[in-house]
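Trainee: I would like to learn how to read a structure like this one, feature by feature. Could we begin with the way helices pack?

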Amino acid sequence: MVSYIVKRVLAAIFTLLVIMSVTFFLMNAIPGSPFLTEKSTPEQIARANAKYGLDQPLIVQLGNYIKSYLKGDLGTSLKMQEGTSVNEIIFGQGKFALSIRLGLTALAIAIAVGIPLGCIAAYHRGSRLDGFLRVMTTVGVAIPSFVLATLLLVCFAVKLKVLPVNSGNLPDFKSMVLPVLSLSFYYVCYVAKLMRTSMLDAINQDYMRTAKAKGVRTRWLVLKHALRNSLIPVVTYLGPVTAGIITGSFVVESTFSVPGLGKYFVQCVINRDYPIIMATTVVLSALVIIMNLVVDIAYKIVDPRITLTAKED
C-alpha cells in the first residue's frame with residue numbers, strides 16, 4: 001500500500017508539471033496581451049510586460065512559474081485584481097471556500113439520493129416505479145444545467161417569490177436551495193442510472209442465486225451483498241466528479257450570482273490573467289489527481305478482495 005501511494009504521488013507531480021507546461025504554452029499561443037486595451041500604447045504594454053517578466057523567453061517564464069509554485073507562491077494577478085496575490089484571491093477571498101461549500105452540498109445530495117433511487121429501481125425492475133425512475137433520470141441527464149437553473153429561477157424566484165433571485169455568498173439555507181438543486185440534479189440522475197445498472201448486474205450473479213437458494217431474504221440480499229458490490233462503478237465515477245463539482249460550475253454560479261471559483265476562472269480566461277488561469281488549472285488538476293487516489297483506496301474498503309501494489313495502476 002505504501003509503495004503504491006508513493007508511486008502515485010510521484011506520478012501526480014509529473015502529471016501536474018505536464019499540465020502546467022501545456023496550459024502555459026496554450027495561453028501564450030493566443031495572440032495579444034493581457035495589457036492590451038483601447039487606450040494602451042505599445043510603450044505602456046512593453047513596460048507592463050517588463051514589470052511582470054512577460055518579456056522574457058517562454059521557457060524562462062515557465063521555469064519561474066514552477067519555482068514560485070514549489071515555494072507555495074501562485075503569483076500575482078495581472079489584470080482582474082492587479083497586484084493582488086493569487087493565493088489571496090483564490091483562498092483568502094473565499095472564492096474557493098464558496099465553491100467547496102456549494103459543491104460538497106450538491107455532491108452529498110447526489111450520493112444520498114442517487115444511490116437509493118438506483119437501488120429502488122433495480123429492486124422493482126420491470127415495474128411502473130422502475131419505468132418512472134428510468135424516464136426521470138434519463139430526462140435529468142439530458143437537460144442542460146443552464147436550462148434547469150433558468151427554469152428553477154423563473155419558477156421559484158420570479159413567479160412564486162419563495163426563494164431569492166440572487167444567492168450571493170450563500171448566507172442562509174434559502175439562498176442555497178436553487179444553486180444546489182441546479183448543480184446536483186444531473187449527478188443525482190446519473191448516479192441513479194449507474195447504480196441501477198450495476199445493481200442489476202450484481203443481482204444476476206451466481207453468489208446471489210446461491211444466497212437466495214439458502215433462504216436469505218431478498219431485501220437483505222440487496223442491502224448486504226448486491227449493494228456493496230454495486231458501488232465500485234459509482235465510486236469510480238464520483239472521483240473525478242468530486243473535483244469538478246467542488247471547483248464550481250460556471251453556469252450555476254453565473255445564473256445565481258454566486259462569486260465562486262468557477263465564475264471567476266472564466267472571467268480570468270476572458271481577461272487573459274495568466275497567473276490566475278495557471279493557478280486555477282493546477283488546483284483543479286491536483287484535486288482530480290487526489291480524488292483518483294482516494295477512489296483507488298476506497299476500492300479496498302468497498303471490496304477487500306482488491307489489492308493495491310506498486311505494480312498495479
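Mentor: Two packed helices are described by the angle between their axes and the distance between the axes. In this predicted model, helix H5 (residues 95-123) and helix H8 (residues 173-203) pack at an angle of about 35 degrees, and their axes lie 6 Å apart. The crossing of H5 and H8 is right-handed, and the residues of their contact divide into 22 nonpolar, five polar and two charged.

Trainee: How many helices and strands does the chain have, and in what order do the elements run?

Mentor: The secondary structure comes to 13 helices and zero strands, so that, read from the N terminus, the order of the elements is α-α-α-α-α-α-α-α-α-α-α-α-α. The C-alpha trace spans about 85 × 60 × 30 Å along its principal axes, and 42% of the 313 residues count as buried. Among the contacts with a separation of 6 or more, 74% are between residues 24 or more positions apart.

Trainee: How many aromatic pairs does a search of the whole structure find, and how are they classified?

Mentor: The search finds eight, and the angle between the ring planes sets the class, with under 30 degrees counting as stacked and over 60 as edge-to-face. The rings of tyrosine 186 and tyrosine 187 have centres 5.3 Å apart and planes at 85 degrees, so this pair is edge-to-face. Tyrosine 190 and tyrosine 237, by contrast, are stacked, at 4.5 Å centre to centre and with 25 degrees between the planes.

Trainee: Which parts does the pair of tyrosine 190 and tyrosine 237 tie together?

Mentor: Tyrosine 190 lies in helix H8 and tyrosine 237 in helix H10 (residues 218-246), so the pair ties together parts that are 47 residues apart in sequence. Tyrosine 190 is partly exposed, at 31% relative accessible area, whereas tyrosine 237 counts as buried at 16%. Elsewhere, Phe24, Phe25, Tyr65 and Tyr69 form one aromatic cluster.

Conventions. Residues are numbered from 1 along each chain as its sequence is written. This is a predicted model: local features need pLDDT of at least 70, side-chain atom pairs count only at pLDDT 80 or more; totals for chains, interfaces and linings use all residues. Side-chain values use heavy atoms; hydrogens and water are left out. Axes are lines fitted to C-alpha atoms, for helices over the stretch in contact, and angles run from 0 to 180 degrees between N-to-C directions. Helices (H or I, at least four residues) and strands (E, at least two) are DSSP runs, numbered from the N terminus. A crossing is left-handed if the near helix is turned anticlockwise from the far one by less than a right angle, and right-handed if clockwise. Ala, Val, Leu, Ile, Met, Phe, Trp, Tyr, Cys and Pro count as nonpolar, Asp, Glu, Lys and Arg as charged, and the others, Gly among them, as polar. Buried means under 20% relative accessible area, exposed over 50%, partly exposed in between (1.4 Å probe, protein chains only). Contact means heavy atoms within 4.5 Å. Rings of Phe, Tyr and Trp (its six-membered ring) pair if their centres lie within 6.5 Å; planes under 30 degrees apart count as stacked, over 60 as edge-to-face and the rest as tilted.
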